[in-house]
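Dear colleague,

Please find below the structure that I am handing over to you. My notes on its domains and nonpolar cores follow it.

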Amino acid sequence: MNEGAAIWSDAILAAALTALYPVGLGGVRVRGGAGPARDRWLEVFRNCLPVTMSIRKLPPAISDGGLLGGIDLTATLQSGRPIVERGLLAEIDGGVLLAVMAERLEASTIAHLNAVLDAHEVIVERDGLSLRLPSAFAVIALDEGIDDEEAAWSLRDRLAFSIELGGLSQADLTAASYDAEDVQAARGKLPEVTIGDEFVETLCVTAVSLGITSLRAPLLAVRAARAVAALAGEAAVRREDVEAAARLVLAPRATMLPAPAEQQDTQQQEPDDSAQSDRDREDHTPLDEVILEAAQAAIPPDILKQIQDQTLNRRRSATSGKQGMTRNDPRRGRPIGVRRGELRAGARLNVLETLRVAAPWQPLRRKAKGASTDAATGRSRLLIEKDDFRITRFRQRSATSTIFVVDASGSSALQRLAEVKGAVELMLADCYIRRDEVALIAFRGTSAELLLPPTRSLTRAKRSLAALPGGGGTPLSKAIDAAAKLALAIRSKGQSPTIVLMTDGRANVSRDGQGGRAVAEAEAHEAARQLGATGIQVVLVDTSPRPQASAEKLAIAMHARYVALPYADAARLSRAVQAHVAAG
Amino acid sequence: MATAFPFSAIVGQDEMKLALMIAAVDPKIGGVLAFGDRGSGKSTAVRALAALLPKMNAVAGCPYQCDPDDKAAQCAECRKPSKGKAKAHQVPVPVVDLPLGATEDRVVGALNLERALAHGEKSFEPGLLARANRGFLYIDEVNLLEDHLVDLLLDVAASGENVVERDGLSIRHPARIVLVGTGNPEEGELRPQLLDRFGLSIEVKTPEDLPTRVEVVKRRDAFENDPAGFVAEWAKEDAKQRKRITAARERLGSVAVADALLTKAAQLCMTLGTDGLRGELTLVRGARALAAIEGAKAVGEAHLKRVAPLALRHRLRRNPLDDSGSTVRVERALAECFAP
């Protein structure tokens with residue numbers, strides 16, 4: 001079987017298993033754009049489902065109301081008692097939710113989905129309603145993200161399978177080997193299938209060897225192994241079922257490659273329970289190896305590449321969740337919902353929602369206020385109170401603050417300083433257009449000074465730049481400390497800081513203000529390492545006439561992008577930094 | 001509600017279990033915040049706690065399940081002198097879920113919609129805060145909750161009272177709740193101002209050693225195959241824990257705290273540079289509850305040391321030059337203060 005056909009056969013198996021045990025396995029993430037392979041897979045999946053089971057789409061921009069349910073206002077007003085409109089999450093009970101463009105789902109939508117996947121019930125506390133509705137379903141997440149853009153981790157963690165259909169050719173798409181009847185028959189057998197303890201252990205060992213920390217992974221793998229056995233008509237899980245489970249559930253979650261075999265042995269011997277006999281252990285190590293090998297062979301190529309590339313960017317990708325980098329602003333961005341609120345400056349009243357909220361209370365208020373029918377028209381007026389006001393909330397991408405750290409020491413010749421000033425001015429103009437904030441730190445002599453706290457004022461920035469004198473030592477460690485401190489403060493306000501450090505990397509003044517290149521450089525390196533640990537985006541521009549090894553080393557320590565710019569004019573420098581900031 | 005996983009059957013997670021036990025013994029501790037990895041079973045522990053807590057005595061028919069023996073903490077209705085001796089019954093301690101997407105009216109309570117529509121009359125429909133009175137309010141993914149709701153909850157939790165003014169209705173009712181929040185730091189951080197207002201904070205980590213992981217998966221699997229049987233198997237162990245909570249609550253008032261120990265606590269907080277007195281108070285309170293749980297007559301240094309990371313780690317100022325975690329910093333300060 002060639003590689004594509006093997007992927008397809010596993011994808012079909014995942015479809016059959018999900019159809020067989022939708023609630024236990026959670027579902028499938030399908031990676032790759034729309035195309036014949038995905039259509040074909042969805043068709044296979046549908047054919048595995050009993051006809052009674054419904055599939056419904058989850059639109060990426062669904063509102064909380066649509067998801068969870070709420071009051072059906074029209075019906076409520078007509079009947080004079082609260083009528084509940086069930087949301088999608090309750091409606092889908094016993095079916096399958098098809099999340100199209102899963103990479104674009106809102107964080108709140110993901111959280112609701114996760115809550116129901118965990119508890120198997122929808123809890124609604126909205127619009128005067130308090131309900132608990134049981135709901136169990138599987139999710140098919142169609143993840144069309146490109147490169148880094150992916151469906152949320154927390155959702156993927158709860159779905160047993162992840163398949164990649166992007167690279168398949170027409171020839172790979174062989175006929176499906178399961179249909180609804182097979183699945184139906186297997187579903188009856190599933191509760192009786194047993195799994196040996198050694199297999200549970202093997203799946204745990206394999207998960208650890210592949211660097212999978214979440215405990216949901218081995219748990220889902222155990223359930224998957226059971227389902228594979230049931231599908232094959234077996235009463236107990238066999239080795240090949242465990243192998244399939246490891247391939248399908250664990251391989252796509254791998255974050256590292258297993259250590260070489262001899263290390264593996266020593267690792268396994270320590271935790272082994274003393275109660276286990278040596279004979280047991282001998283049997284069990286080869287089993288682990290077989291399963292691990294099967295899983296390792298099935299790691300999708302893109303994940304394999306990620307694992308191999310991740311030496312430098314690992315920490316950053318782990319901490320800089322994109323979802324955390326958006327913030328709420330009263331006026332701009334994309335509307336993300338409404339809340340009760342007062343009409344303060346800048347708040348935008350949502351008239352429709354306000355009326356919706358006020359509507360049910362009208363008879364009550366009329367009664368309380370006496371007849372308030374307008375005598376002239378004979379029509380009653382709506383009685384709106386302060387509590388009814390609903391404000392539209394917006395979310396925008398968080399503002400970016402660029403911190404320029406400029407080396408104004410003697411070693412950066414005065415000529416270079418002028419170029420840097422010119423470049424910073426150009427970038428300032430650009431930041432001004434994008435409404436980004438800019439801060440400026442200069443260092444020379446024995447100190448680093450914050451010349452310009454984060455601002456959008458172009459004139460202020462220009463003025464403080466023009467007044468920047470040059471000459472003196474290079475207190476690089478102090479400069480990096482100051483930049484890190486400012487960047488952390490900016491980040492804690494919910495904005496995204498970027499540091500642009502312009503230096504030749506030749507530190508010669510240490511934190512205590514003493515000269516001495518060796519100490520100063522060691523300190524600068526240490527400061528750079530600590531800055532790197534924060535995950536803040538840094539661009540290091542080497543401004544020395546010849547690219548310096550010390551500057552490059554510094555860049556590596558702070559996980560920075562390194563730009564060597566000997567003899568650049570202001571415009572080129574500005575373009576280069578812009579390109580690097582935009583790429584991050 | 002589905003059967004909860006038994007508390008005693010939870011493998012590892014000692015800190016999480018300890019914090020929940022402390023909160024169960026002394027609700028005034030000020031809430032528990034648990035942040036941690038995906039799939040590490042934060043929610044499991046909280047739901048397990050609900051099944052573990054001993055039942056409490058409550059006024060029958062009271063929407064706030066007032067304590068019949070504690071006049072001061074009762075709602076206006078129960079306090080009315082005309083009522084005489086109220087009928088009491090045993091109810092489970094409420095552990096109420098605050099689901100994401102909950103609207104403010106359901107959290108604090110609002111006018112009863114049904115009665116307003118059908119009869120045109122105003123009556124108060126108690127919200128989640130009322131339902132959680134004398135118990136726990138559990139917020140999963142607390143970092144995704146709207147900021148204004150988090151503010152409101154912390155306010156109520158601190159004052160022990162919920163005040164609702166709506167449509168000319170003014171209601172004031174007791175809301176003595178222990179907030180339990182869980183979240184995943186990768187999905188957004190909690191504002192530092194809010195962090196500080198939780199009493200204890202826990203970093204939940206997925207166990208790394210293999211035997212523990214295997215045990216977790218095995219137990220979970222066994223539970224899912226036969227929930228009732230699994231719960232029965234652990235019922236005895238859970239009953240033991242329940243007794244420990246009851247005994248510790250009775251003992252709590254009589255646990256002594258020596259002045260020398262208070263000095264130590266203050267010293268520790270000063271070394272760490274925590275802001276305000278809240279950290280110090282929580283530290284002493286937590287240590288006392290722990291001593292009560294362990295059946296000690298007085299708080300010892302060991303108790304203080306065990307509670308210190310939970311009570312203090314979320315109150316440290318971020319130091320940009322120190323990239324070691326806050327737990328490490330607390331441990332370092334402990335070593336410094338308790339040096340022989």
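**Domain contact in chain B**

In chain B, 18 residues of domain 1 are in contact with 14 residues of domain 2, contact meaning that C-beta atoms placed from the backbone lie within 7 Å. On the side of domain 1 of chain B that touches domain 2 of chain B, α1 (14–25) and β11 (200–204) each supply at least two residues; α1(B) gives the most, with 5 residues. Helices (H or I, at least four residues) and strands (E, at least two) are DSSP runs, numbered from the N terminus. That side of domain 1 of chain B comprises 10 nonpolar, 3 polar and 5 charged residues. Domain 1 of chain B covers 7–55 + 92–204 and domain 2 covers 253–337, with bounds from an automatic or database assignment.

This is a predicted model: local features need pLDDT of at least 70, side-chain atom pairs count only at pLDDT 80 or more, and totals for chains, interfaces and linings use all residues. Residues are numbered from 1 along each chain as its sequence is written, while chains are lettered from A and ligands numbered from 1 in the order in which they are written.

**Nonpolar cores**

A nonpolar core is a set of buried Ala, Val, Leu, Ile, Met, Phe, Trp, Tyr and Cys residues joined through C-beta atoms within 7 Å; buried means 20 or more other C-beta atoms within 10 Å of a residue's own. The largest core has 195 residues, and A:Val249 is among those touching the most other members. Helix α11 (residues 216–231) of chain A gives the most to this core, with 12 residues. Another core, of 52 residues, lies apart from it and includes A:Ala442 and A:Leu531.

Yours sincerely

Methods:
Two residues are in contact if their C-beta atoms, placed from the backbone, lie within 7 Å. Ala, Val, Leu, Ile, Met, Phe, Trp, Tyr, Cys and Pro count as nonpolar, Asp, Glu, Lys and Arg as charged, and the others, Gly among them, as polar. A residue is buried if 20 or more other C-beta atoms lie within 10 Å of its own, exposed if 12 or fewer, and partly exposed in between; C-beta atoms are placed from the backbone.
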